[in-house]
Amino acid sequence: GWFRFPAEKAGKMQLAAFAPGFGPVIKDVELVPNLPPIELSLTTPHIRRIRVTDQNGNPLSNLQVRVSRWRTFQYPPWEFTTDTSGRIVITNAPDDEFQMDFLAPHRMGLRLYRIAASESEQIVQLGPELRLHGKVTDAATGMPVPSFQVIAGWPRQVFVSGQLTNQGAEWGNDNRKKSFRGGVYDWTFEEPVLGGTDKPYDFLLRVDAEGYAPVVSRAFKASEKDAEFDFQLAAPAYIDGTMHFADGSPAAGAKIYLVNQPWDLNAKNGRIQNMRNLPALTSDAAGRCKLMEQQAPQMLVVWHENGFATVDFTEFKTTNQITLTKWGGIEGTLRRGSHPAAHETVALSFEPEWRKVDDQRMTAKPKEFYSYETTTDNDGHFIFDKVPPGVAAITRVESIPRPARYGFQFGDVWAGCRLV
């Protein structure tokens, strides 16, 4: 039962073990020099019964399926083939839920489908593939647009008057883009743009072309099978905007991002990471820039070395002005008793800002700059240099084991004091 892994570098690592006749085990370890042997104890196996059918209940046989996630472990070595009745039986499953990918040619597959912790048979239904196609023309001339990109997404859902309503859009990553030429597009989908749902979300398409404003389609149901939709593109309209600070000084060189939600940019410690590679505009020496008019609700996030702003696009259009708030900062020393606490993790958290939805409801205002975490130096000293002004809590963060039912191996203990 011994095993050995070559470790490329020290740090945290996740180990998991799987064997026929046993339940799996997963363990987080800290790799350090001269690490003693690690013991992995396999668990009691559990049975999961799954049947895969089409929407009419007909079995889908000889279908290759696999487990895509168990807790934090991605794609463990569990792959199965459905029998003639569309069934699979997993005899060495864990005692909690996991997720699976069900993909098939000419079917609307499902990724990250949740398999419940139950021995009762669970039915997974796959609908037909969805073909979306049509023309893309110039709205003024009627001529085909020579080249363009189609981006696939899904409706953003928000609560309006107590009901979940489609409002705005969320767009996929680079894998959800395709280039077309000659004023015609034709795209067949065998899985939803958004995974992790029991049923496929609706589809949206957006067309981007040089010299034109983006255009968004209607929402398509995954069950439509074949839908035609034509896009007519027009020249964009621009709005002249000015970025400045409260004292009237221009915010020269500010980066301006247009986003669906502030967290799309993945800011960390007051700095934009922009993991989705969203395009950014830069203000000139007078703090001016031109922003394209938008069809759907959007937000503007402005980042500057000396300050920031987050505003709704509709709010910006009332004045064409954005006032940046100057950064604050926090500096201190973490101690355990009278001794400096070196190389420990500290973080910030913030009180929510509330805004009125209607006469009976409030909602928390989205924040871009909320994720702050650093490590103390040899003397227990720490600095956060780009922090939104206001009330914050500074905390020491300590990882501890967490029960398996939470789905995560580690949790965070937060303990600290409030700073104003």
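The following legends describe close-up views of a predicted model.

**View 1. Overall composition of the chain.** The chain contains one helix and 37 strands. Of its 420 residues, 38% count as buried. Among contacts with a separation of 6 or more, 61% involve residues 24 or more positions apart.

**View 2. The open sheet of seven strands.** The strands follow the order β23-β22-β25-β26-β27-β21-β24, and their pairing is mixed. From one strand to the next, the twist averages 30°.

**View 3. Pairing of β22 with β25.** Within this sheet, β22 (residues 255-259) runs antiparallel to β25 (residues 299-304), and five bridges join the two strands. Val259 lies opposite Met299 of β25.

**View 4. A stacked aromatic pair, Trp187 and Phe189.** The structure holds 20 aromatic pairs. The ring centres of Trp187 and Phe189 are 4.6 Å apart and the ring planes lie at 25°, so this pair is stacked. Trp187 and Phe189 are both buried.

**View 5. An aromatic cluster.** One cluster is formed by Phe148, Phe180, Tyr185, Phe220, Phe229 and Phe231.

**View 6. A lysine charge over a phenylalanine ring.** Lys326 places its charged end over the ring of Phe245, at 5.4 Å from the ring centre.

Key
Residues are numbered from 1 along each chain as its sequence is written. This is a predicted model: local features need pLDDT of at least 70, side-chain atom pairs count only at pLDDT 80 or more; totals for chains, interfaces and linings use all residues. Side-chain values use heavy atoms; hydrogens and water are left out. Rings of Phe, Tyr and Trp (its six-membered ring) pair if their centres lie within 6.5 Å; planes under 30 degrees apart count as stacked, over 60 as edge-to-face and the rest as tilted. Buried means under 20% relative accessible area, exposed over 50%, partly exposed in between (1.4 Å probe, protein chains only). A charge sits over a ring if NZ of Lys or CZ of Arg is within 6 Å of the ring centre and within 35 degrees of the ring normal. Helices (H or I, at least four residues) and strands (E, at least two) are DSSP runs, numbered from the N terminus. Contact means heavy atoms within 4.5 Å. Two strands pair if DSSP finds at least two bridges between them. Axes are lines fitted to C-alpha atoms, for helices over the stretch in contact, and angles run from 0 to 180 degrees between N-to-C directions.
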